[in-house]
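This briefing covers annotated spans and aromatic ring pairs. The structure comes first, then the notes.

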Amino acid sequence: MRWLTLYARSRQIPASLAAVVISAVAVWALARNGSGGPGDPRLPALALATGTMAASIGLSGQDLALDRTAAIRWVPRRAAHVLLCGAVVGTALLTAQAMGEDMATTAFVVRDSAGLMGLVALGAALSGGRHAWTLPFAWLSFSFFAPPPTSVPMRVASWMLLPPGTAAGTWTALVLAVVGTAAYAVAGPRR
């Protein structure tokens with residue numbers, strides 16, 4: 001059990017968890033005040049993106065050289081870390097939503113948290129844990145200001161705002177989750 005406590009502290013999980021909870025509660029408070037109409041996907045997408053960006057800080061340890069020389073297998077631990085972070089981010093929003101404001105369906109939350117966490121993991125593999133948040137931030141920013149998704153490329157580009165069950169949104173999130181998690185699990189964070 002001690003190794004789990006040390007791992008959590010080295011990955012700054014308590015601080016990340018606090019940021020995830022604060023972002024979910026803030027979005028819940030905004031939804032209570034009537035910001036964004038019912039069925040508006042921007043507020044829940046913002047909460048999920050903020051949560052995954054907060055969780056991204058834990059995708060690299062204090063010393064990458066020390067991580068690479070450890071006598072443990074990192075591939076399953078990295079994959080589990082990404083999947084667990086995605087589950088925590090989605091659960092935080094669903095829990096805040098259970099307090100009275102229905103912002104998004106469970107399918108929407110699962111799809112977006114999986115895709116965004118895969119995007120963060122891909123960002124960690126490409127540019128390191130310190131800059132892993134940039135990919136979901138850029139994609140979310142583009143999605144907010146992009147023209148209406150009338151073509152397939154625009155539906156792929158704005159996948160996180162599409163209704164659940166939309167093929168382009170589901171497949172884009174699935175590909176991002178699988179590719180990002182696999183890249184991070186195998187390669188680890190970039191130095």
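Buried means under 20% relative accessible area, exposed means over 50%, and partly exposed lies in between (1.4 Å probe, protein chains only). This is a predicted model, in which local features need pLDDT of at least 70 and side-chain atom pairs count only at pLDDT 80 or more, while totals for chains, interfaces and linings use all residues. Residues are numbered from 1 along each chain as its sequence is written, and side-chain values use heavy atoms, with hydrogens and water left out.

**Annotated spans**

- The unreviewed UniProt entry places "transmembrane region" at residues 12-31, 43-61, 82-100, 106-125, 132-148 and 168-187; such annotations may be inferred rather than shown by experiment.
- Residues 12-31 are 95% helix and 0% strand, with end C-alpha atoms 29 Å apart; helices are DSSP runs (H or I, at least four residues) and strands are runs of E (at least two).
- Residues 168-187 are 100% helix and 0% strand, and their end C-alpha atoms lie 28 Å apart.

**Aromatic pairs**

- Two aromatic pairs are found in a search of the whole structure; rings of Phe, Tyr and Trp (its six-membered ring) pair if their centres lie within 6.5 Å, with planes under 30 degrees apart counted as stacked, over 60 as edge-to-face and the rest as tilted.
- Trp 133 and Phe 137 pair edge-to-face, at 5.9 Å centre to centre and 70° between the planes.
- Trp 133 is partly exposed at 35% relative accessible area, and Phe 137 is partly exposed at 44%.
- Trp 139 and Trp 159 also form an edge-to-face pair, at 6.3 Å and 85°.
- Trp 139 lies in helix H7 (residues 134-145) and Trp 159 in the loop between helix H8 (152-157) and helix H9 (167-187), so this pair ties together parts 20 residues apart in sequence.
- Trp 159 is buried at 0% relative accessible area, whereas Trp 139 is partly exposed at 22%.
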